[in-house]
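Visitor: I have a model open and would like to learn how to read it. Please take me through it feature by feature.

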Amino acid sequence: MVLGGGEGDGTGCVLGGRDAAMDAALGALYGGEGDGATGSRKASGERAAGLGGSAPKVARWLGDIRTYFPGSVVQVMQRDAIARLGLSALLLEPEMLEAVEPDVHLVGTLLSLNKAMPETTKETARAVVRKVVEQLEKRLATRTRATLTGALDRSARISRPRHHDIDWDRTIRANLKNYLPEHRTVVPERLIGYGRAARAVKKEVILCIDQSGSMAASVVYASVFGAVLASMRSIATRLVVFDTAVVDLTDQLDDPVDVLFGTQLGGGTDINRALAYCQSKITRPADTVVVLISDLYEGGIRNEMLKRVAAMKSAGVEFVTLLALSDEGAPAYDREHAAALAALGAPAFACTPDLFPEVMAAALEKRPLPVP
């Protein structure tokens, strides 16, 4: 998109009204001349960002971009403003938070500022985070439950069910070749059904999440998925976050907002210690799925980490390694560790939130993962 209006543009066009306001909003962030309200120009004549450190000016600019641009563009501009102009500190002010368009990346920024956040801001921040979490749950929860329920049903299928445990729909489909036209009936040579255990906990899932700064979006999505999994009676879900320490947030899974505010983004990484904790919580290895979400930059003992993964897999645990759980694709990650895990039968790959239910379904059924 090209917007003219300045002497250096060479178009000879003069912008007015809405176009001029859009140009000023873009220029304030990406180096426009500005109009004194949001933009600025260096004495040398070079373009310079014009939001400065003024909270009123930034709040006015946030209002402008929400007026002139669609929500998806607003979120990109907000992320650029935080990254390019260092505006994180201003998000500690309630008035600023109320003006911001909430998204996953903003939640990550707020979580990284959690410990520095004044009490007057925390309730507003929680409201912003809750709005994003509710949007994600609405988008992801129904499909996740449906996909995993199907996977759990298939994994619990038995070939000699009691009469009241027979799945008649699947039994009929499996025996259509035995249809007798003269009797207008199907002879069910093979019965398909589910045992009494189908009503109990079938699988255990442990989400082990790296909370280093680069994993912010993954932490947000994983917390939402953790809450969804925990709401399913057939799955016993544990959520563990780690840096150089390990924190078990399982008892907060009924509210993903509490989970998120229980994290501490940033710091070092000790994957080995985190996996040691997860390993100690496994009681039914053949029915357990461990999901490690990490960029694999290990600050702990590398060989011990790999030995733990190998031990869990040999015991029957399904081990899944996600380099990221976000829409942005794979971040920078430790390729040597990723290759070592792949050699153990635990391929490491980035996963989008929309693909995650399929990945979990495959793990629950012990079939090959849908690696993108």
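The dialogue below goes from confidence and overall layout to cores, backbone, surface and salt bridges.

Visitor: What should I know before I start?

Guide: This is a predicted model, so local features need pLDDT of at least 70, side-chain atom pairs count only at pLDDT 80 or more, and totals for chains, interfaces and linings use all residues. Residues are numbered from 1 along each chain as its sequence is written, and side-chain values use heavy atoms, with hydrogens and water left out.

Visitor: What is the mean pLDDT of the protein chain?

Guide: pLDDT is the predictor's confidence in each residue, from 0 to 100. Here the chain mean is 81, and 81% of the residues reach 70 or more. Residues 32-49 stay under 50. For that stretch the model has 38 contacts beyond four places in sequence. Contact means heavy atoms within 4.5 Å.

Visitor: How many helices and strands does the protein chain have?

Guide: Both are DSSP runs, numbered from the N terminus: helices are H or I with at least four residues, strands are E with at least two. This chain has 13 helices and twelve strands. Among contacts with a separation of 6 or more, 71% join residues 24 or more positions apart.

Visitor: What share of the residues counts as buried?

Guide: Buried means under 20% relative accessible area, exposed over 50%, and partly exposed in between, with a 1.4 Å probe and protein chains only. Of 372 residues, 46% count as buried.

Visitor: Which residues touch the most other members of the largest nonpolar core?

Guide: A nonpolar core is a set of buried Ala, Val, Leu, Ile, Met, Phe, Trp, Tyr and Cys residues joined through side-chain atoms within 4.5 Å. The largest one has 62 residues, and Leu110, Val291 and Phe356 touch the most other members. Helix α6 (residues 119-155) gives the most to this core, with ten residues. A second, separate core has 24 residues, including Val290, Leu296, Met312 and Ala346.

Visitor: What does Leu110 touch, leaving aside neighbours within four places in sequence?

Guide: Its contacts are Leu91, Leu97, Met117, Ala125, Val128 and Val129.

Visitor: Is Thr321 buried or exposed?

Guide: Thr321 has 0% relative accessibility, so it counts as buried. Thr321 sits in strand β11 (residues 318-325). Beyond four places in sequence, Thr321 touches residues including Leu292, Leu296, Leu341 and Phe349.

Visitor: Which way does phi go in most residues?

Guide: Most residues other than glycine have a negative phi. Leu296 has a positive phi of about 70° although it is not a glycine. Leu296 lies in the loop between β10 (288-293) and α11 (302-314), and is buried at 0% relative accessibility. Lys366 also has a positive phi, near 60°. Lys366 falls in the segment after α13 (356-364) and is partly exposed at 40%.

Visitor: Which residues make the nonpolar surface patch?

Guide: Patches are made of residues with over 30% relative accessible area and no salt bridge; like charges are joined within 9 Å, nonpolar side chains (Val, Leu, Ile, Met, Phe, Trp, Tyr) within 5 Å. Accessible areas come from the Shrake-Rupley method with a 1.4 Å probe; for residues, only the protein chains shown count as cover. Trp168, Ile172 and Leu176 make a patch of about 300 Å². Ile172, in helix α7 (residues 168-174), is partly exposed at 40%.

Visitor: How many salt bridges does a search of the whole structure find?

Guide: Side chains of opposite charge can pair when their charged atoms come close. The cut-off for a salt bridge is a side-chain nitrogen of Lys or Arg within 4 Å of a carboxyl oxygen of Asp or Glu. The search finds 15. In one of them, Glu358 pairs with Arg143, with the closest N and O atoms 3.5 Å apart. This pair links helix α13 to helix α6, 215 residues apart. Glu358 is partly exposed at 29%, and Arg143 is partly exposed at 37%.

Visitor: What does Glu318 form a salt bridge with?

Guide: Glu318 pairs with Lys366, at 3.7 Å between the closest N and O atoms. Glu318 is in strand β11 and Lys366 in the segment after α13, so the pair ties together parts that are 48 residues apart in sequence. Glu318 is partly exposed at 21%. Elsewhere, salt bridges that share partners join Lys203, Glu204, Arg284 and Asp287 into one network.
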